[in-house]
Amino acid sequence: MLRFGVLSTAKIGRDLVIPAIQDAENAVVTAIASRDLAKARQLADRFSVPHAFGSYEEMLASDVIDAVYIPLPTSQHVEWTIKAADAGKHVLCEKPIALKAGDVDSLIAARDRNKVLVSEAYMVTYAPVWLKVRELLSSGAIGTLKHVQGAFSYFNRDPGNMRNIPELGGGALPDIGVYPTITTRFTTGKEPKRVQAVVERDPVFGTDIYSSVKADFGDFELSFYVSTQMANRQVMVFHGTEGFIEVKSPFNADRYGAEEVELTNQSHGLSQIFRFQDSRQYRCEIEAFAAAAKGGDADVVSLESSKNSQRFIDAIYRAADKDGWETV
């Protein structure tokens, strides 16, 4: 069993990742750390976790964990990923793992000098839904892929929420723009060559609240929009010469709709629906990470892939400041 320590009592850890670790066949949470010991103890007791620490440093120095899950604010990801790796711990860090592509180089260096596994927590790359999309595309189920279309939006104007605080790494692109980009790259195995973009910022918060993006992948295009101040919506469609694939509830499985992939042929005369009941994408992520950390051949998100993900987002920001294409 890979023994996890959780760095902070953040909501995503409480609601999604800690339960997934405890549910996994090859992992367990053995420690919770917070800058407030009482909060750490309270969360530890909730999940029957034996150890609670009143500082991150104290947990990293302990021998009761093998790995660290980091759900801290985005602006702290690089700092604490390096500290955890330097403490000899494997690291699973929430996305985005960095706010600039160049910052990933320091993570790669920390990984290599400590000989630990460091991975960005893109749960979608472990989800049966997205593995099915990749399989359908590779098998030629829709012929030649020509266009990918996506959307991800929700409404949040809470000034205390980290997504609306620039200093904490807030903004729509870091929070949800990474999903249409990672799923397109994951399922096609292709990287974008250039992008065009429009980005709108909140006049009070200063964070990007809406982006409309067009990306040229050479063989096909990706167009998507994301927003933190629009009605809730998620969709991804892969359109080819012989049909199209629509992914329902593509990112937050079973929260924006059913976990389904619908394959429709060219004439709309035939549709196939692939359903994934309770696919537990976070558990799949944890089990793959734990297997890889133990030396198995499980496929996890590499830091090299993470650097390419962030290069894409960086290029979108640059593209918004010019009229025309920006090279990724």
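**Entry 1: terms and model**

I take helices (H or I, at least four residues) and strands (E, at least two) as DSSP runs, numbered from the N terminus. By this rule I place F274 in strand β14 (residues 271–275). The model is predicted, so I note that local features need pLDDT of at least 70 and side-chain atom pairs count only at pLDDT 80 or more, while totals for chains, interfaces and linings use all residues. Residues are numbered from 1 along each chain as its sequence is written, and side-chain values use heavy atoms, with hydrogens and water left out.

**Entry 2: surroundings of F274**

I looked up which residues F274 is in contact with, leaving aside its neighbours within four places in sequence. Contact means heavy atoms within 4.5 Å. I found K132, L136, E259, E260, V261 and L263. E260 is 14 residues from F274 along the chain, and their C-alpha atoms are separated by 5.6 Å.

I then looked for charges over rings (NZ of Lys or CZ of Arg within 6 Å of the ring centre and within 35 degrees of the ring normal). K132 lies over the face of F274, at 4.3 Å from the ring centre. R194 lies over the face of W325, at 4.0 Å from the ring centre.

**Entry 3: aromatic pairs**

Rings of Phe, Tyr and Trp (its six-membered ring) pair if their centres lie within 6.5 Å; planes under 30 degrees apart count as stacked, over 60 as edge-to-face and the rest as tilted. I searched the whole structure and found ten aromatic pairs. One of them joins F4 and F289, and is tilted, with 5.8 Å centre to centre and 40° between the planes. F4 lies in strand β1 (residues 2–7) and F289 in helix α8 (residues 281–293), so this pair ties together parts that are 285 residues apart in sequence.

For burial I use relative accessible area: buried means under 20%, exposed over 50%, and partly exposed in between (1.4 Å probe, protein chains only). F4 counts as buried at 0%, and F289 counts as buried at 0%.

F152 and F251 form a stacked pair, 5.1 Å centre to centre, with 20° between the planes. F152 lies in strand β7 (residues 145–155) and F251 in the loop between β12 (243–248) and β13 (260–265), so the pair ties together parts that are 99 residues apart in sequence. F152 is buried at 3%, and F251 is buried at 0%. Ring pairs link both into a cluster with Y122, W130, Y179 and F238.

**Entry 4: helix α4**

Is helix α4 (residues 77–86) largely enclosed or open? Seven of its ten residues are buried, so α4 is largely enclosed by the rest of the structure. I list the buried residues as H77, V78, W80, T81, I82, A84 and A85. Among the elements that cover them are β1, α3 (56–61) and α5 (104–114). Just after α4, G88 takes a positive phi of about 85°.

**Entry 5: helix α7**

In α7, 16 of the 17 residues are buried. I also checked for a bend, the angle between axes fitted to the seven residues ending at a residue and the seven starting there. α7 bends by about 40° at V178, and a proline, P180, follows within four residues.

**Entry 6: strands**

Strands pair if DSSP finds at least two bridges between them. Strand β11 (residues 229–240) runs antiparallel to β12, and five bridges join them. M236 has V247 in β12 as its bridge partner. Six bridges join β12 to β13, which also run antiparallel.
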